[in-house]
Amino acid sequence: MSFNRQRSLVFSFLVALGLAISIALPSLANVSSLRQPSTADNTVRGLLITQVEASYSEMTQQAQAFYEAGQYTDAIATWQTLLNAYQRQDDTLNQARILSHLALTYQALGEWDEASQAMATSLQKMPHGLGTHASVEQIAAQAQILNNQGNLQLNQGQPAEALHSWQQTESLYQQINNSVGEIQAQLNQAEAMYDLGFYQRAVTLLRSVEDALQEDPHSELEVVALRRLGNLLRMVGQMDASQKVLTKSLATAQTLQLQEEIGETLLSLGHTARGQHDVEAAAAYYQQAVSLSLPTETFLRTQLAQLSLWVSTGEADNVRRLWPSILAQFDQLPANHTSIYGRIQLVETLGRSHQSETKDIGPDAITLAPILAEAVEQAQEIGDRKAEASALAGLGKLYEQTRQWAIATDVTGRALNMAQTLHAPELVYQWQWQLGRILNQKGKRSEAIATYSDAVNVLKTLRGDLATVNSDVQFSFQESIEPIYRELVGLLLQPEANKPLAQANLEKARDVIESLQLAELDDFFKEACLDTQPIQIDEIDPQAAIFYPIILDDRLEVILRLPEQPLKHYTTAVSQASIETLSGQLRQALVISSRRDYFALSQQLYDWLIRPVATDLKSSGVKTLVFVLDQALQNIPMAALYDGQHFLIEDYGVALTPGLKLLSPQPIPRDNLKILAAGLSEARQGFSPLSYVLSEIEAVKAAISQGAVLLNQTFTREALVKELQTSTFPIVHIATHGQFSSTAENTFLLSWDNRINVTELDQALQNSSFSRETAIELLVLSACETATGDKRAALGLAGTAVKAGARSTIATLWSVNDAASAELMGHFYQALTDPAITKAEALRQAQLRLLQSPQYSHPIYWSPYILLGNWL
């Protein structure tokens with residue numbers, strides 16, 4: 001299509017809207033991820049044409065071809081013609097079958113009422129109670145209808161119902177010894193399990209499919225099953241396992257010489273390499289894929305992946321060379337799903353080029369506008385309302401970029417209304433965010449706050465589904481989700497002229513930042529794994545103050561809750577970059593025992609966080625300061641803040657929590673305390689020996705004699721689980737190497753035989769003989785550290801603490817001196833046996849003992865110990 005033709009399309013489109021234009025879209029990968037199924041994938045999802053259906057007419061094959069090409073209106077017309085023919089023949093079996101196909105096609109167009117009605121009619125006509133004399137054709141038809149019902153249910157947000165339908169499908173295929181259909185149903189069940197948050201179950205099921213397929217000769221279905229398993233492993237953050245399985249899928253495809261499947265698997269391997277931050281490997285995989293002779297759709301998706309990679313790395317020449325070539329290929333395609341979403345993703349990817357550090361390596365908004373205008377026109381032509389809404393939203397963002405606020409508001413509002421009508425929350429929150437930004441730029445702060453709030457509320461309903469609806473490798477929580485929360489907090493805490501902030505705004509800002517903390521943990525584990533209950537601080541501890549430091553781009557906001565007082569609020573005009581720089585410098589100073597420059601750095605941080613309310617704290621009589629820390633501050637021990645004369649720990653107990661809504665508020669019972677102590681003193685798996693572990697465990701047992709010990713060879717994952725299954729231990733103390741990382745995959749503890757990943761630790765510690773109500777009171781991890789160079793590594797610490805199910809966790813931000821650790825733990829457990837002392841005070845007393853010792857007075861020895869969760 002010529003540029004003039006594109007301009008003409010823009011003009012005609014905008015005339016229809018009654019607008020004028022002089023013009024990247026929030027991530028649209030979740031709309032379809034441009035993921036048109038390969039030939040083999042279509043045997044798994046979509047309209048399954050079974051062997052029995054091979055006798056259908058040429059019209060059936062034509063309808064299938066229309067569906068796979070994204071020409072849904074033509075597919076519906078063809079299915080309807082077939083349905084009429086079967087109605088004239090009074091053939092209810094085929095009527096039921098065709099109606100189930102119609103239901104999925106209507107669903108693809110976003111026509112949910114028509115889809116539901118077609119499926120309901122299909123189920124009414126489906127043969128029931130066939131008994132032992134049913135024919136293979138009848139059972140196969142019933143299986144196919146239930147399979148299609150499962151597809152519809154999953155797309156309607158009913159994964160539990162979809163799982164049930166696919167379990168029935170599997171049973172029917174078993175009756176007729178159709179192993180291929182049986183495996184297809186299992187693959188679909190894994191997808192439903194994923195949507196339900198049963199990630200381990202989904203992986204286990206796909207592993208069983210992998211094992212079953214190994215018993216047979218290599219097949220195309222094996223390639224697809226392995227690729228699906230590899231993609232699932234990537235989505236749950238298991239990148240190394242994903243790469244291994246995908247490599248196996250690729251080898252099988254190459255053995256069978258399946259060109260298209262080779263290309264699909266290379267594309268998946270490229271995505272996994274990007275997830276591993278291996279740009280060179282990702283580029284190599286994508287290049288191998290585009291060098292193959294692939295179907296147009298697969299080839300274009302691979303080129304778009306290449307383009308996205310080059311935009312992210314700022315390779316201007318490659319970007320400028322490739323994008324016109326991709327667009328030219330789209331111009332050769334008919335109006336279909338591939339063409340429409342390809343254009344949308346192309347514009348979204350090129351839009352990122354203007355947000356990267358390497359600016360303006362892609363075309364400007366005026367050049368991008370015709371691409372989206374064509375997408376809108378094509379979507380209207382084939383009746384795809386979701387695609388139309390997505391393209392409209394893209395245009396709205398282009399208007400936003402060119403600061404044409406009135407038109408941006410109108411177009412974005414139209415897209416949002418369509419997404420709400422289509423019941424597409426994965427799109428709704430993005431476009432509410434876009435509209436909120438535009439309203440804020442127009443000076444409509446109240447309306448902007450309301451729209452941002454709507455977006456946050458939608459995100460709460462999605463929670464663990466975000467990894468599913470944003471399965472594209474480009475999705476980043478820090479870029480696509482976190483800013484929504486922070487921008488809303490910024491608006492809520494923006495004072496009006498000469499007016500104090502309303503308590504309602506402070507309360508809401510606090511709730512939003514707690515919701516962000518929860519969402520971060522959901523993203524860490526790729527599931528909604530945490531239940532929350534609102535808790536009033538006065539009901540927990542009338543002698544505790546709660547600090548909420550909130551880092552925004554241009555300032556530091558702090559909200560403080562003192563017992564029986566309204567919320568307090570203060571602002572420091574310091575940028576996020578400055579806070580990150582100072583936090584990094586302070587962290588480096590604290591971990592080197594020969595340095596003394598931490599005093600000035602620590603005092604600066606104290607001035608920002610504590611000094612504005614130091615007098616209020618003293619007059620309130622509080623004894624414990626609890627912090628809900630944000631971003632870079634999570635890597636700093638608050639106990640080491642310095643007021644010029646004293647460290648904070650000298651005046652107050654200190655605790656951290658991801659949010660009070662996660663807190664289980666009750667003190668630890670002190671009668672008949674039992675402890676399970678485990679540790680490694682010997683070198684294992686490339687990690688150095690921890691000689692102090694022996695003396696540390698001896699100190700622990702001297703304070704609390706009841707319990708059990710797992711040391712060196714006896715400390716295995718299996719032994720840990722067995723002890724917890726057979727006895728109740730309120731305290732679990734683990735002294736071993738460990739690492740906290742910003743990803744669950746790289747967060748682990750070391751046992752004698754293996755690494756215990758954070759998700760395995762969750763399963764081990766919660767697999768105990770006691771109930772959740774009497775869960776582990778205190779988990780102590782005394783030799784762990786946050787990953788070097790990982791700015792968000794403390795997220796792994798918080799995730800470990802919360803996921804383990806313990807009410808409280810004590811852990812270390814960095815590896816601690818052997819003898820100092822043993823001494824501190826001895827003091828801590830001695831203090832803990834006193835029922836009048838809280839866990840926060842017991843830790844404080846132990847830290848003070850080291851601080852007052854000339855040998856251990858430097859913060860490197862006493863400050864890295866932090867208490868997370870319940871401090872009582």
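Which helices and strands each supply at least two residues of the lining of the largest cavity? This is a predicted model, where local features need pLDDT of at least 70 and side-chain atom pairs count only at pLDDT 80 or more, while totals for chains, interfaces and linings use all residues. Residues are numbered from 1 along each chain as its sequence is written, and side-chain values use heavy atoms, with hydrogens and water left out.

View 1. Of the 16 lining residues, Q634, L656, A794, A798 and L868 are the closest to the centre. As for the opening question, α26 (503-525), α34 (794-803) and β15 (865-869) each supply at least two residues of the lining, and α34 gives the most, with four. By class, the lining holds twelve nonpolar residues, three polar and one charged. A cavity is a set of points on a 1 Å grid over the protein atoms alone where a 1.4 Å probe fits but cannot get out, and lining residues have an atom within 4 Å of a point. Grid points are joined across faces, edges and corners, and the volume is the space filled by probe spheres set on them. Nonpolar covers Ala, Val, Leu, Ile, Met, Phe, Trp, Tyr, Cys and Pro; charged covers Asp, Glu, Lys and Arg; the others, Gly among them, are polar.

**View 2. The second largest cavity.** This one has about 80 Å³ of space. It is lined by 13 residues, and A639, V654, Y865, I866 and L867 are the closest to its centre. β15 turns up here too, with β5 (653-656) and α36 (839-851): each supplies at least two lining residues. The lining has eleven nonpolar and two polar residues, and no charged ones.

**View 3. Strand β2 between its partners β1 and β3.** Helices (H or I, at least four residues) and strands (E, at least two) are DSSP runs, numbered from the N terminus. Six of the six residues of β2 (556-561) are buried, meaning under 20% relative accessible area with a 1.4 Å probe, protein chains only. L556, V558 and L560 point one way, and E557, I559 and R561 the other. In a regular strand the side chains alternate between the two faces of the sheet. β1 (544-551) pairs with β2 in the antiparallel sense over six bridges, and F547 has L560 as its bridge partner; strands pair if DSSP finds at least two bridges between them. With β3 (568-572), β2 is again antiparallel, over five bridges, and V558 is partnered by Y570. Four residues separate β1 and β2 in their hairpin.

**View 4. Aromatic pairs.** A search of the whole structure finds eleven of them; rings of Phe, Tyr and Trp (its six-membered ring) pair if their centres lie within 6.5 Å, and planes under 30 degrees apart are stacked, over 60 edge-to-face and the rest tilted. F828 and Y829 have ring centres 5.1 Å apart and planes at 65°, so they sit edge-to-face. F828 is buried at 0% relative accessible area, and Y829 is buried at 0%. Elsewhere, Y598, F599, Y642, F647 and W862 make up one aromatic cluster.

Conventions
On a 1 Å grid over the protein atoms alone, a cavity is a set of points where a 1.4 Å probe fits but cannot get out, and a pocket is an open set with protein on both sides within 12 Å along at least five of seven lines; lining residues have an atom within 4 Å of a point. Buried means under 20% relative accessible area, exposed over 50%, partly exposed in between (1.4 Å probe, protein chains only).
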